[in-house]
Amino acid sequence: MNKIIILGRLTKDPERVELNNYDLARFSIACKGKRKDENGDIQTDFFNCLAWGKKADTICEHCVKGDLVQVSGNISSRRYESQQKGEIVLWEVTVDDIEFISSPRDKVDEDDIPPKPVRPSRQEPKQVTLEDETEELPF
């Protein structure tokens, strides 16, 4: 089972993109981690997220930088080659459900909010990949 639930704040306004005739929203969520660095500061984890179809439209219409959201979905990786850095592995969360918790104006601390139950969502359009579909899977 591949399921991830994230509670955090949007790092910037969602970006609306059309990919192969599908609406796509790209955004990133910052979450407080449990680890502390050498200075004793809590480290922050960042998650790149993708939402498709009507969810993409809803997110782009109602979310802005700093909003506190809870996202559930699955996590996947893509690999590509960069001339400067060699092979790059990119991890992304494909959003199944999103809960709008608060806006930055509400001054809500993430530690005070229990996670909301995740509601099942209807199936999204077929996910398109950015890689050539003729490549075989490694398993």
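Trainee: Which residue in S3 stands opposite Leu 10?
Mentor: This is a predicted model, in which local features need pLDDT of at least 70 and side-chain atom pairs count only at pLDDT 80 or more, while totals for chains, interfaces and linings use all residues. Strand S1 (residues 4-10) runs antiparallel to S3, with two bridges joining them; strands (E, at least two residues) and helices (H or I, at least four) are DSSP runs, numbered from the N terminus, and two strands pair if DSSP finds at least two bridges between them. Within S3, the residue opposite Leu 10 is Ile 29.

Trainee: How many helices and strands does the chain have, and in what order do its elements run?
Mentor: Residues are numbered from 1 along each chain as its sequence is written, and side-chain values use heavy atoms, with hydrogens and water left out. The chain holds one helix and six strands. Read from the N terminus on, the order of these elements is β-β-β-β-α-β-β.

Trainee: How many bridges join S2 to S3, and which residue of S3 stands opposite Arg 16?
Mentor: S2 and S3 run antiparallel and are joined by five bridges. At one place in S3, the residue that faces Arg 16 across the strands is Ala 25.

Trainee: How many bridges pair S3 with S4, and which residue in the turn of their hairpin has a positive phi of about 90°?
Mentor: The two strands pair in the antiparallel sense over ten bridges, and in S4 the bridge partner of Lys 36 is Ile 42. Five residues lie between S3 and S4 in this hairpin, and the one in the turn with a positive phi of about 90° is Gly 40.

Trainee: Which two residues form an aromatic pair?
Mentor: Rings of Phe, Tyr and Trp (its six-membered ring) pair if their centres lie within 6.5 Å, with planes under 30 degrees apart counted as stacked, over 60 as edge-to-face and the rest as tilted. By this rule the count is one aromatic pair, which is edge-to-face at 6.4 Å centre to centre, with 85° between the planes. The pair links distant parts of the chain, 30 residues apart, with one partner in strand S3 (residues 22-36) and the other in strand S4 (residues 42-52). Its partners are Tyr 22 and Trp 52.

Trainee: What is the length of the polar contact between the side chains of Arg 35 and Asp 45?
Mentor: Arg 35, in strand S3, is partly exposed at 46% relative accessible area. Leaving out residues up to four places away in sequence, Arg 35 touches Asp 41, Ile 42, Gln 43 and Asp 45, where contact means heavy atoms within 4.5 Å. The C-alpha atoms of Arg 35 and Asp 45, ten residues apart along the chain, are separated by 9.8 Å. A polar contact is a pair of N or O atoms within 3.5 Å, where within protein one must be able to donate a hydrogen and the other to accept it, and residues adjacent in sequence count only if both atoms are side-chain atoms; the one joining these side chains is 3.0 Å.

Trainee: Which residue has a side chain joined to that of Glu 92 by a polar contact of 2.9 Å?
Mentor: Glu 92 is found in strand S6 (residues 86-102) and is buried, with a relative accessible area of 8%. Beyond its neighbours within four places in sequence, Glu 92 is in contact with residues including Asn 48, Leu 50 and Asn 74. The side chain joined to Glu 92 at 2.9 Å belongs to Arg 78.

Note on methods: Buried < 20%, exposed > 50% of the residue type's maximum accessible area, 1.4 Å probe, protein only.
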